[in-house]
Amino acid sequence: MRMPTIPMQHGLLLAGILFALGTIGLLVRRNLVFTLMSIEIMLNAAGLAFIAAGAHWVQADGQVMFLFILALAASEVSVGLALLLRLYHQHGVLDTDSASEMRG
Amino acid sequence: MLQLTGVIPAIPFFSFLLLAVFGPRMARKALSFIGVGSIAASTIISAIVTAAFIPGPPSGWAYDQVIWRWISVSSFQADIGFYLDALSVVMVLVITFVAFLIHLYSTEYMEGDEGYSRFFAYMNLFVASMVTLVLADNLLLLYLGWEGVGLCSYLLIGFWYTDPANGRAARKAFIVTRVGDTSMVIGLFLIFQRLGTLNIQDLMHRAAQQWPVGAAVAIAAAALLLGGAVGKSAQLPLQTWLPDAMAGPTPTSALIHAATMVTAGVYLIARTHVLFSLAPPVMLAVAVIGAATLLLAGCSALTQRDIKRVLAYSTISQIGYMFLALGVGAWSAAIFHFMTHAFFKALLFLAAGAVIQAQHEEHDIFKMGGLRRMIPITFWAFLISGCALAGLPIITAGFYSKGMILWGAWSSPQGAPALWIAGLVGVLLTSLYIFRVIFVAFFGEAQIPVEHPPRLAKNLPMIVLSVLSIAAGWLNLPPYLGNKLWLDDLLHTSLPALAEKPVGWLTEGWSEGSITAAFVLGLFLAYELYLRHRDATRPLTENALGRAIHEFWYADWGFDFLYDKLFVAPVVWFAQVDKRDFIDKFYDGLAGLSRACYRALSATESGRMRWYAASIVGGTVVFIFIVLIL
């Protein structure tokens, strides 16, 4: 039987809200852990938009793109966590603003 | 043997190249060997050339060696060619020999200096340029040497370039002589345009044929060349650079600013004597410039405290004598005085250099004293050369050459009693100022302990030059001493003899007697004022007039002040105005704008990651807005 379809607009709206939340989190949180999490949320919001669009057009491309985004997110997190550890070693805190002395 | 002429300037030139390229990596001993050895080789070759030239002269007493054609543009030809006649033979021999002695002296004088290789490279280049100047058979090659020696003079005055004052002195020398050089090069253009050649013998030949005596063009050409000579030889009104040129190392002052380069103007006038003979007003100007310069510089020398500045003014004054001789047509007397002056003035500077190094770089004669016993060889060298400078009768060389000049000033058709009197007063001044230095610095109480007393490399050149300061005079024994005018007779093969007019009441013997009297008077005054009563001059400088005159003479008759106000200040003012003109406003604005943009952008680089993220977000929003709405 056909599952009741969720309208694409709903999916996209949710993706937009998630993306906006992630962006706000990225902008307001100074803790690097939360920064990384916000970025994850933004990536997943983008992935959700792909899924929703793929379901709407009945195309596999949306899910393929989501797999790419997952791989990207995994590698991003590994690099991000490594940076996080270095930051903690260097400064003893996870405040991203504490790493601003090079102004780079 | 005369074919070796071209080698004389070539050896120092190649050793200059060697020293300039490899010098900094060579050992001191190798540097000394190359630097001094090249000049020694040049001296030997010029001695060989002289020995071949005088007993067996070529036809016409002149030998022209063209090495190669330098420039050939339609009708304009210039060769690298060397012209050997009695005048250039005497000049080259004196220059290379004195240069050799001074190079030898420099090995000890400069031994502790880090610029050792640079010094010898410059000095070698100088000798090469100077010999080129003297041997050149055309005015263009002469001008090349002329500028070459000017360059070396600039480099060596500013040798210790870390002191800005030395750099200023070097620039002053370069710029002031440039005024004369510009006049000279215009003279060269004029001569080439009117006579179609720059070969010196050809142009003198053509000038004598084409221009009548007193022709306007001859006067213009001679006056323009005189401008160059006045600049190079530090004569009135371009004499201001020479006292400041004493900032260079003392061997430089001895070689360049006393013995050789500053007499290049004298050589130029003697070399082109036909042009000057065609222009009687210019001849008169040469004589008057010489007489005025010798008096003015003599007065200034009286007031200086720096031993080298006394000698610098003395050099200006002695070259004034040479100009006086040239101006009255006593050509060979001028060259004779050049030669004796080269010996005794080089010696004075070398002795002064030894004194300065022995006294912890002290230049002020009033802070010295009692050096007579502490450095006896230097004292005797200074005394002999001082006597030669002042003209100690019969014994020293300076007496004979000055005697010839003064006799020429009296007896020549262009001569005048006023010129003779000026020369005689000059003798008095010379004797007074040089014995002032001798009595103040070498007699009295010792004030500064002696360190670095001169050793062999300093003493040997001083001894040789002491002998020459005496013996060089015997080359021209005047009539009352046997009338053996060897040098005069030799020089008359290339320079015309002095045309004597019926003389008045004065005979040559009485003229020389007057010199003796002036010398003795100067010596006596110096003894009374500076040796017997050490403070005898104080009352003179205590009243207002005396002090004013003292300061006026001390400041070289205010020439520096005048030129500062007249030339330097307007040029600086104009440069300041030009710097702020409206065209620059646009470019200044452009620079200001980009600087402001840079500041604004660099302010955004705060190092805060959230700020960057916000910028990206803001930018993205703006672009989406633009794409969707507009």
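How many cavities of 30 Å³ or more does the structure hold? In this predicted model, the structure holds 3 of them.

## Largest cavity

The largest cavity has a volume of about 40 Å³. Its lining consists of B:Gly150, B:Ser153, B:Tyr154, B:Ala173, B:Phe174, B:Thr177, B:Lys232 and B:Met261. Sorted by class, these are 4 nonpolar, 3 polar and 1 charged residues.

Two helices of chain B, H5 (139-157) and H6 (164-195), each supply at least two residues of this lining.

## Second largest cavity

The second largest cavity holds about 40 Å³ of space. Around this cavity stand B:Leu236, B:Gln239, B:Thr293, B:Leu296, B:Ala297, B:Tyr313, B:Ile316 and B:Asp556. Helix H13 (280-303) and helix H14 (307-327) of chain B are the elements that give two or more residues to the lining. The largest share, 3 residues, comes from H13(B).

By class, the lining of the second largest cavity has 5 nonpolar, 2 polar and 1 charged residues.

Is B:Phe623 buried or exposed? B:Phe623 counts as exposed because its relative accessible area is 57%, and exposed means over 50%.

Key: Residues numbered from 1 in each chain as written. Chains lettered and ligands numbered in written order. Predicted model: local features only at pLDDT ≥ 70, side-chain atom pairs only at ≥ 80, totals over all residues. Heavy atoms only, no water. Buried < 20%, exposed > 50% of the residue type's maximum accessible area, 1.4 Å probe, protein only. 1 Å grid on protein atoms, 1.4 Å probe; cavity = no way out; pocket = protein on both sides within 12 Å on 5 of 7 lines; lining within 4 Å. Points joined across faces, edges and corners; volume = space filled by probe spheres on them. Helix = DSSP H or I, 4+ residues; strand = E, 2+ residues; numbered from the N terminus. Nonpolar A, V, L, I, M, F, W, Y, C, P; charged D, E, K, R; others polar.
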